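Good morning, everyone. Please have a look at the sequence and the fold on the screen. I'll walk you through the strands, then some helices.

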Amino acid sequence: MPRKLAAGNWKMNGLRASLEELKTLEKRHDDASVDILICPPATLISACKDMLFDIGGQDCHSATSGAHTGDISADMLADAGASHVLTGHSERRTDHGEDDATIAAKSLAAYAADLTAVICIGETLEERENGSTLAVIDTQLAGSVPDAATAQNTVIAYEPVWAIGTGKVPTLDQIGEVHAHIRQRLTDRFSDGGAMRILYGGSVKGSNAADIFAVPDVDGALVGGASLKADDFSPIIAALEKA
Ligand code: PGA
């Protein structure tokens, strides 16, 4: 069984002063029985590189280098000290028009740089309400997860778009249905798909984490807002350790 994973996505939040939160978290979880990944803004990656946690970027370009002003390559993230990178977060899909092919290309760039890609998928509220959630998941899995994905180089994060930053969380049955579906698709397609970690993301908090982690095939969480403060992220890590 792969270790469970508590991942924090700081999004466009965090200055050097915020590193104090990570130092507090480090003291509290220096012998954690789960993996802990922090994805700070790229400006803080090198300052985090000696921490006990795994450190990740939030996005990378699909090319290794070149004329792409403002972008960051997977090699650059690795060089700064990252071991992971998020690809296909819904905010990238929405704000930057990233489609599944772009996300697959970014994930391949991550593999080439020896980074683990945390590939994010999830339906919008409209898709949930018109009953196409599982079809959307199938399309995103097929299009954004490369054939070269393995349980080592890939983590899947299921994040319903309507649950991100809204305080709304799917029912446990809804989470269970989608995670079981993703697991089936992964085992159908990859020889080690049973060991590929599937995270749930979207309004995870200390108060709902234990219930979510008890759902089969939930191997951890991708946490936005509640990962910014040690006092908020710590109970989520503790709940995952007990799951
Ligand atoms: P949230 O964000 O925990 O603030 O809902 C999750 C994410 O976007 O990864």
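**Strands first, then helices**

Strand S2 (residues 35–39) and strand S3 (residues 54–57) pair in the parallel sense, over two bridges. To count as paired, two strands need at least two bridges found by DSSP. Strands here are DSSP runs of E, at least two residues, and helices are runs of H or I, at least four residues, all numbered from the N terminus.

A word on the source. This is a predicted model: local features need pLDDT of at least 70, side-chain atom pairs count only at pLDDT 80 or more, and totals for chains, interfaces and linings use all residues. Residues are numbered from 1 along each chain as its sequence is written, and side-chain values use heavy atoms, with hydrogens and water left out.

Now the whole sheet. In what order do the eight strands close into a barrel? The order is S1-S2-S3-S4-S5-S6-S7-S8, and the pairing is parallel. On average, neighbouring strands of this sheet are turned by 25° against each other, direction ignored. For such angles, axes are lines fitted to C-alpha atoms, for helices over the stretch in contact, and angles run from 0 to 180 degrees between N-to-C directions.

S3 and S4 run parallel, joined by two bridges. Gly57 stands opposite Val85 in S4. Strand S4 (residues 84–87) is covered on both faces. His84 and Leu86 lie on one side, Val85 and Thr87 on the other, and all are buried. Buried means under 20% relative accessible area, exposed over 50%, partly exposed in between, with a 1.4 Å probe and protein chains only.

Next, S5. Four bridges join S4 to S5, again parallel. His84 has Thr116 as its bridge partner in S5. Six of the six residues of S5 are buried, so S5 is largely enclosed by the rest of the structure. Thr116, Val118 and Cys120 point one way; Ala117, Ile119 and Ile121 point the other way. On to S6: five bridges join S5 to S6, and these run parallel too. Val118 pairs with Val155 in S6.

Now two helices. Helix H5 (residues 100–112) and helix H7 (residues 133–144) have axes that come within 7 Å and cross at roughly 45°. H5 and H7 are therefore oblique to each other. The cut-offs: under 35 degrees is roughly parallel, over 145 roughly antiparallel, 65 to 115 roughly perpendicular, and the rest oblique. Which residues meet? Asp100, Ala101, Ile103, Ala104 and Ser107 in H5 meet Thr139, Gln140, Gly143 and Ser144 in H7. Contact means heavy atoms within 4.5 Å.

Is Ala110 buried or exposed? At 0% relative accessibility, Ala110 counts as buried. Leaving out residues up to four places away in sequence, Ala110 touches Ala74, Val85, Leu115 and Ala117. Cys60 is 50 residues away along the chain, yet the C-alpha atoms of Ala110 and Cys60 are separated by 7.6 Å.

Last stop, helix H9 (residues 206–213). The buried residues of H9 are Asn208, Ala209, Ile212 and Phe213. They cover an arc of only 130° around the axis, which puts them on the same side of H9. That arc is taken from the directions from the helix axis to the C-beta atoms. What covers these residues? Helix H8 (172–189), strand S7 (197–201), strand S8 (220–223) and helix H10 (230–242) are included.
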